[in-house]
Amino acid sequence: MLSDFKTKDLSRSDLINEFAIKMVSVINAKDLAWFVSREIVGSLGYEDCVIYFFDETMGFLEQVAATGIKNPVEKQILNPLTIEVGDGVTGRVALTKQSILISDLSLFGNYVLDVEPCLSELCVPIMFGDRIYGVLDSESKVIDGYDEEDRKIFETISKLMASKLALIEKSDLVNKYTAELEERVEERTLELRIANEKLEYLASIDPLTELANRRRLDEVLENEFERASRYGGELSLILFDIDHFKAVNDTRGHQVGDEVIAGVGKIAKVLSRMSDTPGRWGGEEFLIIAPQTSNTGAVVFAEKLRLAIESVEFSIDVRISASFGVASFRTDESIQQVLKRADVSLYRAKELGRNRVETDATS
């Protein structure tokens, strides 16, 4: 069986990738056979591997590479066998074009003896479409030397090998295969990049408003506060929420409520600068992080937002207003302290009649 230390970090797809990558540089069939036999024994930890190619002219199988139990010299088989189609395990596989796993060769009456008789065997055809190129064979000195997982691995390797042999036969197909492989790799890389970007986007964006979500706002807050603390720049926060939003949900339904929230988010996004980070703080509450913005500038910005929101009809006969609290960074202050001051200003705007902008700088 495949040694545990060889496979603990390898999935079947890893094996496919490893063989596919290494096979690219092999340019002829015999080199390919030796490469596969060495990899199966040396890299994957099997006892033995023998590659037979089918001679269509003569109608028999011929050993072309062997590594392991038979101890060949590099790229030289000490006692090569030729096997008629139908004879022994390998001959039967070539005839039936089906893989065979024999747990106990003593129970198999048609075993073809080699230099080193074995007790179990795994043999799979090397086929491309209906064309059989040969047989991939492995023997073990123990009974039950292979299981179904080994069969799957060998069948996968034989398919890769058959594909490569078909390409080697026709040099023009080699170029085509390489181009297609590069295209698939490029497409896969692009797909992965797009998928990663989409996941990153989904992880940081509120789906209803398409603004930054709470998680993303927390990240930006931390970064901007660190920058302001270190370099002494200005930073203002604009916290606002929709006035009487519960009444919208109660009288017009949650779908209209969602339309209102999305509409307010769109206004915030359109009016914000590229350097600003508008986001949904939670429910009907929003936060805009405005770096390099004084308290006065933030109040002006908030007032512009307030006017824009109250001038829009979000649904048929649905108009709303919003209340704003503005706070700006002060030296030696924490993020939570500035947020608290913005929240207090927002609460004061609500207390003073809503649809207004308040800041502690003017209180």
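There are 5 aromatic pairs here, where rings of Phe, Tyr and Trp (its six-membered ring) pair if their centres lie within 6.5 Å. This is a predicted model, so to speak of local features takes pLDDT of at least 70 and side-chain atom pairs count only at pLDDT 80 or more, while totals for chains, interfaces and linings use all residues. Residues are numbered from 1 along each chain as its sequence is written, and side-chain values use heavy atoms, with hydrogens and water left out.

**Rings around Tyr46**

- Tyr46 and Tyr146 are stacked (planes under 30 degrees apart), with 6.3 Å centre to centre and 20 degrees between the planes.
- Tyr46 sits in the loop between helix H3 (29–43) and strand S1 (49–55) and Tyr146 in the loop between strand S6 (131–140) and helix H5 (148–169), so this pair ties together parts 100 residues apart in sequence.
- With Phe154, the centres are 4.9 Å apart and the planes at 85 degrees, so Tyr46 and Phe154 make an edge-to-face pair (over 60 degrees).
- Phe154 belongs to helix H5, 108 residues away from Tyr46.
- Tyr46 and Tyr146 are both buried (under 20% relative accessible area, 1.4 Å probe, protein chains only), and Phe154 is buried too.
- Put together, Tyr46, Tyr146 and Phe154 form one aromatic cluster.

**Helices H9 and H10**

- Val264, Ile267, Ala268 and Leu271 of H9 meet Phe301, Lys304, Leu305, Ala308 and Ile309 of H10, contact being heavy atoms within 4.5 Å.
- By class, that contact has 8 nonpolar, no polar and 1 charged residues, with Ala, Val, Leu, Ile, Met, Phe, Trp, Tyr, Cys and Pro counted as nonpolar, Asp, Glu, Lys and Arg as charged, and the others, Gly among them, as polar.

Key. Helices (H or I, at least four residues) and strands (E, at least two) are DSSP runs, numbered from the N terminus. Buried means under 20% relative accessible area, exposed over 50%, partly exposed in between (1.4 Å probe, protein chains only).
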